[in-house]
Amino acid sequence: MPNQQGELRLGVIGTGCIGMEHIRNALLLPSVRVVAIADPHEPSRQTALAELQHAGVREVIALERDAEMLQLSDVDAVLVCTPNDTHHAVMRQVLASGKHCLVEKPLCTLISHCAETVALARQPGGFGGTAPLLWCGMEYRYIPAIARLIQEADQGLIGDLRMLSIREHRFPFLKKVGNWNRTNERTGGTLVEKCVHFFDLMRRILRSEPRRIFASGGQEVNHKSVDSDVLDSAYVIVDFQSGARAMLELCMFAEASKHQEEVSLVGTRGKLEAFAPSHGTKQDDESEVNFRRCLRSSKFIAEYEERARPPADLECGTIVEAHEKIDARLMQAGDHAGSTYYELHRFVAAALSAGAKPDVTLEDGALAVMMGVGARCSRDVAEIWPRCSRDVAERWPR
């Protein structure tokens, strides 16, 4: 259990890019002490140790194997930040240990592995019979402008939610150890590796479950000179049980963009928009609008069926623009507009509170993977169709 001083003793499994981001943000939390790290890659371990020692953290256990960390009694909670295809095996050990856990997205790369992980998590056990806190990392929920969009949508400010559009225009996949993030086999494919963030946002914002999904995408520009088969661009359309529809537009050769993520949510009474900077941005520009609320005129709504002319500007409604501020320390500590800190802060607070529930459950993580796999399968079917149609034409000529 957490020690008696109200401090969470944290172990980080995987000290690559996202593991280091978690470490830097954990160092900003006074209720957290990083006590152990584990990574089989020596340079990654040394980088993490150097970061911790620079911050004045001296007593850290550095291990090659995560199994050794999970046996340490003075580790209360772990962050799983390993390559995607290792999550299934790592989570089996984590769940057996009874420790609190935040596992980075995606939960697993295969639906079957997600299902097994969720089933194991539902079995009784944990600290003295108390179930540990199990959380799937989905930091995009906590990007300040997107968090405000979610809050105002929950409040019903724009009426019944009907249409959601998410656009990410960004840089290509970065270089990782062994280029593990360049293949479908190890990542689950771009629509899982990258896009579970957006499928999770769709479910969270619309508060509904998908009923139909379709994708079109390809490997158009990136990594064609290396052994890679991951998509670098796609459109995905999702119909939800509530009747709402959502669309994702992903392009990974569009780093020359003002915003990396743009979210537009339309309801029966108005529209909310949120914008996030490029992940390489290290300073918050408070002069930039990153949130917008547009409310329709109730008078126009009541009269539109009888209108013969478009409404004038003042008849359309009201527009409020704002900037959701991001602390300078958080911009420096990570690449996700402060969201890693906000998510980690909430995870730690919940872990230190008996019986607290996660914001993002393992089931949420599994459903996001299911949507990614479903989108990928729909694309595969679409690619098969031209061949099938040619075969039919050859067999049954008109």
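Glu 168 stands opposite Leu 250 in E10. This is a predicted model, in which local features need pLDDT of at least 70, side-chain atom pairs count only at pLDDT 80 or more, and totals for chains, interfaces and linings use all residues. Residues are numbered from 1 along each chain as its sequence is written, and side-chain values use heavy atoms, without hydrogens or water.

**The sheet**
- Seven bridges join strand E7 (residues 161-169) to strand E10 (residues 245-251), and the two run parallel.
- Eight strands form an open sheet with mixed pairing, in the order E8-E9-E10-E7-E11-E12-E13-E14.
- Strand E8 (210-218) and strand E14 (317-322) are the edge strands, each pairing on one side only.
- Strands pair if DSSP finds at least two bridges between them.
- Strands (E, at least two residues) and helices (H or I, at least four) are DSSP runs, numbered from the N terminus.

**Helices on the sheet**
- Helix H6 (residues 144-154) packs on the sheet, touching E7, strand E11 (261-267), strand E12 (270-276), strand E13 (291-296) and E14.
- The direction of H6 makes about 160° with that of E12.
- Contact means heavy atoms within 4.5 Å.
- Angles run from 0 to 180 degrees between N-to-C directions, with axes fitted to C-alpha atoms, for helices over the stretch in contact.

**The H1 and H2 pair**
- The axes of helix H1 (residues 17-26) and helix H2 (residues 42-54) come within 11 Å and cross at roughly 10°.
- H1 and H2 are therefore roughly parallel to each other (angles under 35 degrees count as such).
- Met 20, Ile 23 and Arg 24 in H1 meet Thr 47, Ala 48, Glu 51 and Leu 52 in H2.

Definitions and conventions: Angles under 35 degrees count as roughly parallel, over 145 as roughly antiparallel, 65 to 115 as roughly perpendicular and the rest as oblique.
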